[in-house]
Each structure stands twice: as structure tokens, then as C-alpha cells.
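Subject: Structure handover

Hello,

Here is the structure we spoke about. Please open it alongside this note, and my findings follow below.

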Amino acid sequence: MDNKDSEAEIHPLKTEDVKAQENHENFVERRIIIKQSSQLSRLSRWRTAAFFISLFLCLIIVFAFSFIIPCPERPISERTWFQYYENAVAYQFLAIEDVNNDKVQDVIFAFRASNGSSNFNSTCWDKGLPSPCAFLAAVSGKNGEVLWEKPAAEEVEWMQCGIRQLGEASEPGCLVVGKPASLTALSQTGEWQGGQCWAQGTVLASLTWWLSDLGNGEHQHDMTRQYVDDWRHSNDFGTNYTVLTPLSVIPDVDSDGVQDLIIFVATGDKIKTFIHSGRNGNKIGSTERHSMGGKAHYISLNVGSSSYFLFYTANSVYAYSLKELYSAATGMENSLPSLEQDPLWEKNIDPTTHHFFLPRHDIHYLAKIPGALRDNVLVVNSEMATLINPQNLQTLWTLNVSHVMSEPRLGYYKPDVLGVVLESEIGPNRKKVMIVEGGSGAVQWDLKLNSRAESPGLATLSTADHRSTFLIWGEYKVAGNETGSTAPQQKLYLFHPSYTNVLLELRNNTDQIVAFNATLFERSRHACYVLLTGPQPGEEPGLVSLMKRKLKEDVSESKVIWLSQVAVDSEQYIRDRLYRMRFHSRVLYSTGDTDRELVSHLTHTSTSQPPCDCVDATSPLGFEVPGDLGHLLE
């Protein structure tokens, strides 16, 4: 301290300079701090402004989408509608497809009359057909309005829709087999809606190409005449023939970019094969007749990369590879992978007679059952049902069941466990319905009913709990009162595996049922059934009725039937519970479809529309949370 004071006394000016310098440095530091604070304050204000501007823009976007920009309109479908045709007969064909691309499934059916409905005023003479003739019609699934309607043939032997590509169109189409022999392709959607893509028939003994105008259904006559002159083929189906159904789609063997068709025609106990182009109906080739030794049916089966056709009669099974049929029909070889032959299967096929060595005889049905890796084959004879692995021909399981009445159906009794539904005759006007686990052959549930011989088969709908709802026709009687003097009534019952001891009686139908189907008319919602009633071919013409009915309308008014004396819940609670059940567009293949078309009938519906039904994720049954919201959605 003394040193500093003495230094200040000796150098007074130096001390003042030091103080001045320190003051200057302090001043500079304060200015820097003030400047930095000002910059930070300005940056903070910009950040605040940017935050509020972003928030404001977000609010504008939210309000724009909520109130200004309209949401996509959801289809509004009527719960029930009817369509009537007087002085007509109905064919046993019902196809469910989205004809007009409105994301709602529509109904395609066939009837025979002198005139169509009053909406179109079409007659048989419009196509040069004698009156009466067979008409094809497409009806809107939303309101029952007739979308298109046109005469197709003198008689319809078979109609098959949902074929992925026919003619030049990229949309699915329908194929109609008529009598006298004719083969007609109709576009069910697309530019030429309701018009014929191509037709081959015996009326003109030629192949004709008919197109219709989308707006009024009138023929483009100049185009028709052009193609009649260009394509002429004699028809060689023969006489007294029967077309084996369903028709099969095969890969493009003529290299025109469109899948082709293979058709099997039976005359007596002989089968003849025809291969037709899917683009224009032109015949690619045909084979000589193969003797089957009885009335034959068939299924197609993929074995690895090979395709085979199994023809079966009561006592025999015959196997032909697609490669062999193609070579015999055209006289040429084709290098497509699907035209290869499986070595193991060829060892089990007699090279001379084409007998296929299955370990069962007296065959009533062959059916494809989807497996984990491949389709298995279910062999049903008069005494049992046997599931066989087609790769090694080993038996997977056997079930004792006699007198099976109809082709097996598929459904889910347990979540995600595929089951097989069998209907067997157990006495005069009596049948037994069994749900069998597909993997083990164990019977999961069965029901005995009174039933008419002409009653329609059952239908299944996949539900959101990964199971199925089963719709069964018959008449349930309590134990001890099963038989009666009167003919059984035609009642429709609903069964869901969540209530194993409950049936819901939905309706009692007194009219003659020609065809019945059930499907989801919208993706994962709007479960309905379709009834076609009236006289059939060979009967006197009368009133033909087509009806669509929403399943929930009948569930809410249904009668609860207890299969056992144990009542776990009240009847109204069960109705409400099943009313709120949600459905799911599961991919499920029919046992009889040879080209693996979907039972759900929703593969051609746009998948861009999200499902609107909300499923309670906490509910093990997949039911909606109770409340009014579900009723508004429906």
C-alpha cells in the first residue's frame, strides 16, 4: 500500500492515465453488453412474431379443412330396397360387384322375360333374339336403381362376374354362357359400362364384337358390322352339352397381354376342352373328348408352380396339367412357368387313362381349403370328409360325416382360425350344420334343423373380432318336437360364436327363394343380404323380386332362441350386443372358385377410403362402444 502511494506521488500523470484507460474499458464493455442485450431482445421479438404467425397459419388451415373445404361425401345407402319384374322367371345367379365405381357394391342378376323394366324399355328384338329371352341387369346397391339392363341370350346356362380383365377394358367383367351355344363377355364397369366386350354364338355362327354407349345403351352399329365381318368362327360345343362351372381363367397363353379362358364342355360322360382369348373371344384351340365314365365336376389346383385340373365323378378322379391341355388343344408348347408339370403328381397320374390315385372313392365333392402355405384338398364322399395335402398326398385329418348336401363353405369360429362349414342330411327334411376346424378336423359347433330340399345354402360374414357371422336357412325346433306333418318353413337365422347357445331368428320367408347372398356393401361396413325370389326356368312366369336388406334391421327386431336352458344375458342385451357388432372385409376364398375370386366381393372397391366404423380396441368381441355415435355412422 505504501509502495502504491509513493508511486502515485512520484508519477501522478501515469496514475491518471491508468484510471482513464480503465474507465474507457468499462464504458466499452457496457456498450457491448447493451448492444448484445438489444440484439437478443430484437431476436426474441422476431421469434415471438414467427411463433404467432405460424400458429395463425395453422389455425387458418384447420378451419379451412373443417368448415370451408367440404369433406368427401360418404355414400348414403338405403337400408332396404326392392326391384320387381312382372311376367318373368329368375336364374340362380347373383353377383356382387361395384358397377358404377361409387364405392358401394351393386347387384348383377339374370332373368327371362319378353321385355325389360320400364326404365330402359329394352326388348329381345333389340339383339335379334326370340321373345322371351334372358336379360342381364345391374342394380345399384345404394337405392335399387337399375344401372343397366340388356338382353344377352335365349337362355342363360351360367353367369360369372368379377373376372379381372376381359376384352380391352382394364376393369373386371362378366362372362355369360348362353343357350343355344353362345359365349358373351360384358364389361361391368369402365368406359363401356353394361356393353358387350365380345360375344361368340350360333345365331350368326360367328364371333361378334358389340359395344354399347355408356349413356343410353344403344349399339354402335357401324362398329358391330365391322367386327362381324372380321371374325367368323363355327361353334363346335356340340349338342346336348353342359358347361362345367365355374369357368377358369388361365395365364396369357396367346401373348396378347390379356389373361385367357379355359372352358370344359361335357357331352354325356365325355369332356372337351376349349381355350379362348380373353381379349376378343377368339378360339385358341380345343381338344378331343376325354371319357370320364360318368357325370363330371372339376376344380383347379396350383401345385407349386404347376397348374392342374381335377375332374371327379362318383367313382373316379382324373388329373390333367394345364401344360398337357394347352399342348393338346393347340399342338404347340409354351414355356410359361405355370405350364410346368409336378414330378410327384405325374407319378400318381396314370399316363394312359389319367386316373389320379386319391385314397377315397364314392366322391361327392372336391373342395380347396386354404392352408398356411398352400391350398389343401377336401374330399367328401358318402361317409366321411378327408383333408389331403396335395404336395405329398398325405391325409391330414378325417371326419365321419354322411350325406353332405352342398359344397363346403368357409368361415371363422375361432379368431383367425379358418373353419369349414358342412351341411349334411340326417333324415327326411332334416339337416345338420357343422363348423369344423380346418387345421385339425375337430367339430367346433353343430346345429340340427328342419330344412326344405330347395332351401338356399348358408353364408358367412367376417367380423371385426376376426371371427365370422353365420347366416343359416332352416327351421329350428326344440328337442322332442323336430318333426311335423307340414313342410318346414324357410327361416333365416344368425349365429355368432360369441354366443354359442343363441340363435337370432331374422325373418320367415314364404316366397320361393331362387338365390341368396350376403356381403358388405361398403368397405368393412353396411352388412346386407340379397334375396332373389320368384318362379324359375321351366315354371310359369310370375313376379320376380330382388331385395337388399340391411342385416341390422332384422337383428333389432329378431327373436332370440336359446339352444340350451342356460340364459346368460337378457334377450334385449343380446340383440343390442349383436346389433353393435362390426364387420371386416377379410380376404377369404371360396372353396369352389377355380380362379380364387374373393368372397367378400370388395377387392375392386377403392382402398383409399378409410373405414368409418370405429371398433372398441378394448373389446374382445370387436363391438362398438355403446352410444348414439354408432347409430349415426350407420
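Predicted model: local features only at pLDDT ≥ 70, side-chain atom pairs only at ≥ 80, totals over all residues.

A charge sits over a ring if NZ of Lys or CZ of Arg is within 6 Å of the ring centre and within 35 degrees of the ring normal.

**Lysines over rings**

Lysine 548 lies over the face of phenylalanine 521, and the distance to the ring centre is 5.2 Å. Lysine 552 does likewise with tyrosine 579: its charged end sits over the ring, 5.2 Å from the centre.

**The seven-stranded sheet**

In what order do the 7 strands of the open sheet run? The order is β4-β3-β2-β1-β33-β32-β31, with antiparallel pairing. The edges are β4 (146-153) and β31 (513-522), each of which pairs on one side only. On average, neighbouring strands are turned by 25° against each other, direction ignored.

Look at β1 and β33 within that order. Strand β1 (residues 80-97) and strand β33 (residues 542-550) run antiparallel and are joined by 7 bridges. Phenylalanine 82 stands opposite methionine 547 in β33.

**Disulfides and other cysteines**

How many disulfides does a search of the whole structure find? It finds 2. Counting bonded cysteines along the chain, the pattern is 1-2, 3-4.

Cysteine 124 and cysteine 133 are both buried.

The other disulfide joins cysteine 161 to cysteine 174, with S to S at 2.0 Å. The link of cysteine 161 and cysteine 174 is right-handed, with 110° about the S-S bond. This pair links distant parts of the chain: cysteine 161 is in strand β5 (residues 155-163) and cysteine 174 is in strand β6 (residues 173-179), 13 residues apart.

Are cysteine 161 and cysteine 174 buried or exposed? Buried means under 20% relative accessible area. Cysteine 161 has 13%, so it counts as buried. Cysteine 174 has 1%, so it is buried as well.

Two further cysteines deserve a look. Cysteine 58 is partly exposed, with a relative accessible area of 46%. Cysteine 528 is buried, at 1% relative accessible area.

**Around β13**

Next, β13 (270-276). This strand is mostly covered, with 6 of its 7 residues buried. Which strands does β13 bridge to? They include β12, β14 and β15.

- β12: 7 bridges join β12 to β13, and the two run antiparallel. Threonine 267 has lysine 270 in β13 as its bridge partner. The hairpin has 2 residues between the strands, and glycine 268 takes a positive phi near 70° there.
- β14: 3 bridges join β13 to β14, again antiparallel. Histidine 276 has lysine 283 in β14 as its bridge partner. This hairpin has 6 residues between its strands, and glycine 281 in the turn has a positive phi of about 80°.
- β15: 2 bridges join β13 to strand β15 (residues 290-291), which run antiparallel. Isoleucine 271 has histidine 290 in β15 as its bridge partner.

**Helix α4**

Which residues of helix α4 (residues 322-330) are buried? They are Leu322, Leu325, Tyr326, Ser327, Ala329 and Thr330. What covers them includes β11 (248-250), β12 (260-267), β13 (270-276), β14 (283-286), β17 (306-312) and β18 (317-321). Glycine 331 follows α4 and has a positive phi, near 75°.

**Aromatic rings**

The structure holds 20 aromatic pairs. One of them is phenylalanine 470 with phenylalanine 495: it is tilted, with 6.1 Å centre to centre and 40° between the planes. Phenylalanine 470 lies in strand β28 (residues 468-474) and phenylalanine 495 in strand β29 (residues 490-495), so the pair ties together parts 25 residues apart in sequence. Both phenylalanine 470 and phenylalanine 495 are buried.

There is also an aromatic cluster, formed by Phe264, Tyr298, Phe309, Phe311 and Tyr320.

Best wishes

Notes: Residues numbered from 1 in each chain as written. Heavy atoms only, no water. Disulfide = S-S within 2.5 Å. Buried < 20%, exposed > 50% of the residue type's maximum accessible area, 1.4 Å probe, protein only. Helix = DSSP H or I, 4+ residues; strand = E, 2+ residues; numbered from the N terminus. Contact = heavy atoms within 4.5 Å. Pairing = 2+ DSSP bridges. Axes fitted to C-alpha atoms, helices over the stretch in contact; angles between N-to-C directions. Phe/Tyr/Trp six-rings, centres within 6.5 Å; stacked < 30°, edge-to-face > 60°.
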